[in-house]
Amino acid sequence: MADRVYPTAKPATAAPATAANPGFPATKAQLYSNTRPAYRPQPHHRRRSRSRCCSCCLWIIFLILLQLVIVAALGAAFYVFYRPHRPSFSVTSLKLQTLNFTTNSHLTSSFNLNITARNPNKKLVFIYNPMAISIFSNDVDIGDGIIPSFVHGKKNTTLLKAKIASSGKELQSSEVSALKADIKSKSGLPLKVRLDTKVRVKVLGLKTPRIGIRVKCEGIRVTSLPTAKAPATASTSNAKCKVDVRVKIWKWTL
């Protein structure tokens, strides 16, 4: 009788190492493979664009400052070499020929005005546009006129003559009363002459852009009224004229 053959039992497989220690977390080596590529930070494009903008701003500011320095240096050299001075004006004579008021507060006036203009510069020539002239009394415009354009040469004195008039200009009743009261007073009628024009400066054959100027002459008084035979001569001994440069920036005039 043959013997029975029984198959051998399979050997028990070993449990994984992690099963032996179920209470401990996995290590980094187990979570991350060694073949994972290293982290490389991406470039920050926003930082680069900001740095470029800052560089451009700094260059623009530097160029502006450089231009200002160059202009200031040229201006200083021009002043030292040419010694520019403003022109001067003075009222030589002012005669009142007519000053009438109608019943409905209309004014008719007539003046003869002589103004002396002086150019004290040895190397500069002034080229004047037509001058608009106005005569005021207590801020009331009582006459207007124009002096034609002219060229003011070096170290030159020019006598300017103008006819100032107002025909039928309407005034407020309070303004008429104030003018009549000043005429009757001992101090007389106070007058102020104003000239507005634009001038160009010529030097070495070059001409600058036109610059606005305003001349104000105060301290003039008329102590008597004109007659049919003779006009009333104003006192100009205390008259003083001031020249102001007027620069227009957009809508504002400085």
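This report describes the aromatic pairs and a charged surface patch of a predicted model. Residues are numbered from 1 along each chain as its sequence is written, and side-chain values use heavy atoms, without hydrogens and water. Local features need pLDDT of at least 70 and side-chain atom pairs count only at pLDDT 80 or more, while totals for chains, interfaces and linings use all residues.

**Aromatic pairs**

A search of the whole structure finds four aromatic pairs. Rings of Phe, Tyr and Trp (its six-membered ring) pair if their centres lie within 6.5 Å; planes under 30 degrees apart count as stacked, over 60 as edge-to-face and the rest as tilted. Two of the pairs are tabulated.

| Pair | Geometry | Centre to centre | Angle between planes |
|---|---|---|---|
| Phe89 and Tyr128 | edge-to-face | 6.3 Å | 80° |
| Tyr128 and Phe150 | stacked | 4.7 Å | 20° |

Phe89 lies in strand 1 (residues 88-101) and Tyr128 in strand 3 (residues 125-128), so their pair ties together parts 39 residues apart in sequence. Phe150 belongs to strand 6 (residues 150-152) and is 22 residues from Tyr128. Strands are DSSP runs (E, at least two residues), numbered from the N terminus.

Phe89 and Tyr128 are both buried. The relative accessible area is 2% for Tyr128 and 14% for Phe150, which is also buried. Buried means under 20% relative accessible area, exposed over 50%, and partly exposed in between (1.4 Å probe, protein chains only). Phe89, Phe126, Tyr128 and Phe150 form one aromatic cluster.

**Positive patch**

On the surface, Lys154, Lys198, Lys202, Lys207 and Arg210 gather in a patch of positive charge. Lys202 lies in strand 8 (residues 189-203) and is partly exposed, at 34% relative accessibility.

Definitions and conventions: Patches are made of residues with over 30% relative accessible area and no salt bridge: like charges are joined within 9 Å, nonpolar side chains (Val, Leu, Ile, Met, Phe, Trp, Tyr) within 5 Å. Accessible areas come from the Shrake-Rupley method with a 1.4 Å probe; for residues, only the protein chains shown count as cover. A salt bridge is a side-chain nitrogen of Lys or Arg within 4 Å of a carboxyl oxygen of Asp or Glu. Lys and Arg count as positive and Asp and Glu as negative; His and the chain ends are not counted. The place of a charge is taken as NZ of Lys, CZ of Arg, CG of Asp or CD of Glu. Helices (H or I, at least four residues) and strands (E, at least two) are DSSP runs, numbered from the N terminus.
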